[in-house]
Amino acid sequence: MLTLLFLLLLSSPLAHSVNQEGFYLLQFKLGLWDPTNSLSSWNNSDKTPCNWVGITCDASALQSVISVNLTGLELAGPFPSIICRLPFLSYVSLNNNSINSSLPGNISDCQRLQHLDLAQNYFSGTIPDSLSEIPFLRYLDLSGNSISGEIPASFGRFRHLEYLNLVENYLNGTVPSSLGNISSLREIQLAYNPLSPGRIPSELGNLTRLEFLWLAECNLVGQIPASLGGLSRIRNLDLSVNRLTGPIPSSFADLKSVVQVELFNNSLSGGLPLGLSNLTTLRRFDASMNQLTGTIPDELCKLPLGSLNLFENRFEGTLPESIARSPNLYELKLFKNKLTGELPKELGKNSPLEGLDMSYNEFHGEIPEGLCEKGHLEELILIYNSFSGQIPSNLGKCQSLKRVRLRNNKLSGTVPDQFWGLPHVYLLDLVENSFSGSISSKISSAYNLSNLLISNNQFSGSIPRELGSLGNLNEFSGNDNKFMGLIPASLVKLTQLSRLDLSDNNLSGELPVGIKALKKLNELKLANNKLSGKIPSEIGSLSGLNYLDLSGNAFSGKIPLELQNLKLNLLNLSYNQLSGELPALYANENYRDSFVGNLGLCGDLPDLCPRVGVSKNLGYLWILRTIFILAAIVFLVGIVGFYWKYRTFKKNQKGLAMLKWRSFHKLGFSEFEIVECLDEGNVIGIGASGKVYKVVLSNGEEVAVKKLWKGTKRKDDGSVEPEKDEFEVEVETLGKIRHKNIVRLWCCCNNGDCKLLVYEYMPNGSLGDLLHGSKSGLLDWPTRYKIALDAAEGLSYLHHDCVPPIVHRDVKSNNILLDGEFGAKVADFGVAKVVGGVSKGVESMSVIAGSYGYIAPEYGYTLRVNEKSDIYSFGVIILELVTGRLPVDPEFGEKDLAKWVCTTLDQKEVDNIIDPKLDASYKEEICKVLKIGLQCTSSLPINRPSMRKVVKMLQEAGPDSKSRSFKKDGKLSPYYHEDGSGQGSMV
Ligand SMILES: *[C@@H]1O[C@H](CO)[C@@H](O)[C@H](O)[C@H]1NC(C)=O
Ligand SMILES: *[C@@H]1O[C@H](CO)[C@@H](O)[C@H](O)[C@H]1NC(C)=O
């Protein structure tokens, strides 16, 4: 009261003309920070506030304020409860601002409120019980905040609530059954909250007006209640990414208004229910990634479905012909089941098919000819089946095709001419079939072709020189075919080519001149052809070449000394007609197999080089004696050798048996291969925890292998450390994660002595090394911006989308790795912390984690971390990207980068901190990003935006700022999953 009086006194001289409601609104404005001055029209000299931005009054003579709509104005500060003094207020939207308090209990003073939209802010704390005392509330949206605790059971008291959206918060209770009392409800959206494991309350089935139920990733367990069949108006039912078990209830056949059903990624079992033919409005059905059995019902396929996804289940039987009659079908993904029979002949003839993935089933018969009849087909993926016959000729007219994978089938005949030249295809995989005929010269129009994989077929003829015009070609694998003639000279124009494998063909002639132009070549395999001439010395300048196999040809002349410049993982020149000396680097025992079968070759390897005949004038006896001695030596050597071999054999056996591998992805290589490749020549980094090797495996895949030092886990007092070691943490954390901005852990092995972690290889190394090294010029602003956004998305995933959330605890530029396109991924989870299920939020740590310059100030005295510490460290990375400076630098004196930036900005222009290497024309964008960095490094944790918000802000600061919005159809899943073709794709 006193404060109010004081305020009244203070402002009465100013507020001489505005009415009471306007006065309250001006108080409201005073309580907020309005950085863009968007409330400048709120002027106390107006009589009423009715013309102010965002304000609507009613039409009566009273002109009461009925609506305050301040969407997306960057307003910051605590929730201004004072607006509840506006007695007729019925509509409030502060959507997409930076309000950062908890929701006050007295919000129920807004008794007339019907519409309350506080989505996309920084609200924290819990939802006050009193909210349900607002009697006429119809619309409540609190999504995209940091609200925790329970969904109040008191919500059951709402009588008029139609719309309830709590998506993307930290709510940690369960779904209250009292929601089933709110018979007015039309939408319930609770997705992406770290709820405690709980069942779907069967009471929800009472909500006969419900149209949308979105419970994706809500930690739901148990069975789906049969009562949900009562949702007679439901249009969109999304229960995906939970841990639901048991069958899909047969009552689902009663959902007569349903358009979309999302059940993917649960543990549902049993068959699909009977009676689905009643669901005449159903268009999208996704029950992928469950343990469903039985057949795909004809009555489901008879519906005019647009999308049917049932992949990764245990369905058997055939795919009903009726599916081909749907006029809507655009997506059909049934991979990884046990389906048999033929595909419906008419498939695609009536449907605008875009994506078809039938991989890993037991289908046979021909590929239906009408798949692309409507001209929309982009993905045709049929790998690992028994399809036979030819590629239908009208697929050659399918200009929309982008990704074609037909590997491992029994297809044969020639590939239609035009099919080779489809302009948008970037992946053409025909490996392991019986195709014949030659590659058409029409391939010259396949401008986007990046991977041409046609090995293990019967292709013949010569390789067309038009192939040389495919500027995007990255891989050409044509091994094990019957190609003949020359390797076309035009191939040296393929500057993007990294893998060329034409082994086991009948190619002849010399290697093309100018091969050194293939700057990206990593693998050159031409074994077992009839190639001849000299090995060109220019191969030695292909600095990225790791595999060179020219064995089994007729190459002659000397081995060029320049080959010694290469960092090879495999060198095979055996069985040629090479002569002369071995280059010194290779003249040792390790390379014996690389050179055998070259009769003219001489080096220090005795049996490579046939000894010149023994002198003839020696006596008979001497010869006998020599033979005897030699025989004895051979015998002894044999015994010793055998024993040694036997021992190493035993040792290897033991070694192999003891290595326990765990893999987290489907691997295209054998884990045992890794161990053989760990030699010191391949070390690409040494850190506190171990060495990192780059290994190129025999299948051409590159991986990074971290070998952890053998560390004792004992503390000073000799007791065993209870904490898990780095290895376990990394494995447990990373093994489960699949996100495009988090480095993949392929597999690992731990046998006590030897701890290996095998990751995807990131060719551009760490951001720290690049940014602070001599090559920082590569990083222009758009690249740096993209890196910041990528890394932010990775961290946002860890904080908001992992259940339970993960705090990285060592976010720094050296742990941001860059792939070939400078796409960034978060790496190194050695000290990461899973924020436990019981006490989500702040966790006390026993050891200091993090690196100097990146550690949030509060950490120094509280030794407590939560995601806010990661956000601080991420802010430091932004400052590094903007300034190009190290997080700690003697030049800053006592300060670290964050402090230096702040103090410099207090005194000087922003130009003094922006990296001079950056193009000044980006200044505006750079400043926007800098602002985000400063918010993240705010010394008060509460002022730091959530990573989710950071992503949003970065997107808005980008060149083509488009802010993310929720997709109403409930498919806003950041999750990746492997599709049947082994490449990640968005759910
Ligand atoms: C509230 O403001 C936003 C943005 O200015 C606008 O799109 C929306 O329609 C407004 N809502 C109402 C009910 O006026
Ligand atoms: C849920 O969140 C509340 C409020 O943040 C917290 O006090 C409580 O411990 C959390 N409960 C669980 C089970 O995580």
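I took buried to mean under 20% relative accessible area, exposed to mean over 50%, and partly exposed to mean in between, with a 1.4 Å probe and protein chains only.

**Entry 1. Basis.** I worked from a predicted model, in which local features need pLDDT of at least 70, side-chain atom pairs count only at pLDDT 80 or more, and totals for chains, interfaces and linings use all residues. Residues are numbered from 1 along each chain as its sequence is written, chains are lettered from A and ligands numbered from 1 in the order in which they are written, and side-chain values use heavy atoms, with hydrogens and water left out.

**Entry 2. Disulfide count.** I counted as a disulfide a pair of cysteine sulfur atoms within 2.5 Å. By this rule I found three disulfides.

**Entry 3. Cysteine 50 and cysteine 57.** I noted a disulfide between cysteine 50 and cysteine 57, with an S to S distance of 2.0 Å. The torsion about their S-S bond is about -100°, so I recorded this disulfide as left-handed. Cysteine 50 is buried at a relative accessible area of 16%, and cysteine 57 is buried at 16% relative accessibility.

**Entry 4. Cysteine 84 and cysteine 110.** I next looked up the disulfide that joins cysteine 84 to cysteine 110, S to S 2.0 Å. The angle about the S-S bond is -90°, and the link is left-handed. Cysteine 84 lies in the loop between strand 3 (76–77) and strand 4 (91–93), and cysteine 110 lies in the loop between strand 5 (98–99) and strand 6 (115–117), so the pair ties together parts that are 26 residues apart in sequence.

**Entry 5. Cysteine 372 and cysteine 398.** I found the sulfur atoms of cysteine 372 and cysteine 398 to be 2.0 Å apart, in a disulfide. The torsion about this S-S bond is about 75°, so the disulfide is right-handed. The pair links distant parts of the chain, 26 residues apart: cysteine 372 is in the loop between strand 25 (362–365) and strand 26 (379–381), and cysteine 398 is in the loop between strand 27 (386–389) and strand 28 (403–405). I recorded cysteine 372 as buried, with a relative accessible area of 11%, and cysteine 398 as buried, with 1%.

**Entry 6. Further cysteines.** I looked up cysteine 218, which counts as buried at 1% relative accessibility. Cysteine 748 is in no disulfide, and the nearest cysteine sulfur, that of cysteine 747, is 7.0 Å away.

Key
Helix = DSSP H or I, 4+ residues; strand = E, 2+ residues; numbered from the N terminus.
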